[in-house]
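Please view the model alongside the text.

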Amino acid sequence: MTALALRLCAVFAFGLALASCQAAARPVVVELYESQGCSSCPPANANLSTVADRPDVIALNFAVTYWDNLGWKDTFAHPAFTARQVDYARGLHHGDGVFTPQVVVDGRHDGVGADPGDFARLLSQGASHDPAPAITLAPAVASIAAAPSPTPPADVWLVRYDPRVLQVPIRAGENSGKTLPHRNIVRELTRLGAYTGAATALRLPPPTEPQLVTVILVQAPHGGPILAAAKG
């Protein structure tokens, strides 16, 4: 084989490797819906913590409000997080409504996720290599590239979470007397606008707390699949 042919083979192989890396670069989005007042939630919280540092995963912990009148008011819960879970109940065709804990992967698959094996199974279902628009994050702007294929209109969500392990003493309810660790607790959820498939740039409001991590989700409306995601 000639030197030129060897160089062409090397370039071709590098191109294949690069394409593979780009296809695998889209992170899996794992959302946990839980409450400090739910005695079944701590194991799911622990499972989410095991993947919180993985670069190929965006792990989001949403505290919901519907346990707040059952003995203990969750210190992180917000009505917007409950509304997001209700949207998933419709999008995933759950006739029995919302429940905790619930793990939702890429907006496409869900389960309880309290058992480590069940959590791992759910996570594996999110290993998607579907073409996705690239997202670039700057301090004040999120830029979304043109879609690689035709896409229906989608919502662009700004999510910000606290990456620290937060120890929360629970003084009432099902978990009374326990101190529960929480990781990647969502503190902000804002719809920034729409994405139609054309290249889009959206301004980001400053975070309410300096330690928060910024996430951008491009998602089909009303609890639909997540089409693209990035954190930074």
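Predicted model: local features only at pLDDT ≥ 70, side-chain atom pairs only at ≥ 80, totals over all residues.

Residues are numbered from 1 along each chain as its sequence is written, and side-chain values use heavy atoms, without hydrogens and water.

Three aromatic pairs are found in a search of the whole structure (ring centres of Phe, Tyr or Trp, the last by its six-membered ring, within 6.5 Å; planes under 30 degrees apart are stacked, over 60 edge-to-face, the rest tilted). Two of them are tabulated.

| Pair | Centre to centre | Angle between planes | Class |
|---|---|---|---|
| Tyr 33 and Phe 62 | 5.0 Å | 10° | stacked |
| Phe 62 and Phe 81 | 5.4 Å | 75° | edge-to-face |

Tyr 33 lies in strand β1 (residues 28–34) and Phe 62 in strand β2 (residues 57–63), so their pair ties together parts 29 residues apart in sequence. Helices (H or I, at least four residues) and strands (E, at least two) are DSSP runs numbered from the N terminus. Phe 81 belongs to helix α3 (residues 79–91), so its pair with Phe 62 joins parts 19 residues apart in sequence. Tyr 33 and Phe 62 are buried, as is Phe 81 (under 20% relative accessible area, 1.4 Å probe, protein chains only). Ring pairs link Tyr 33, Phe 62, Phe 81 and Tyr 88 into a cluster.

Elsewhere, an open sheet of three strands runs in the order β5-β6-β9 with antiparallel pairing (at least two DSSP bridges between two strands). Its edge strands are β5 (135–137) and β9 (200–203). Three bridges connect β5 with β6 (residues 141–144), and Leu 137 stands opposite Ala 142 in β6.

Definitions and conventions: Buried < 20%, exposed > 50% of the residue type's maximum accessible area, 1.4 Å probe, protein only.
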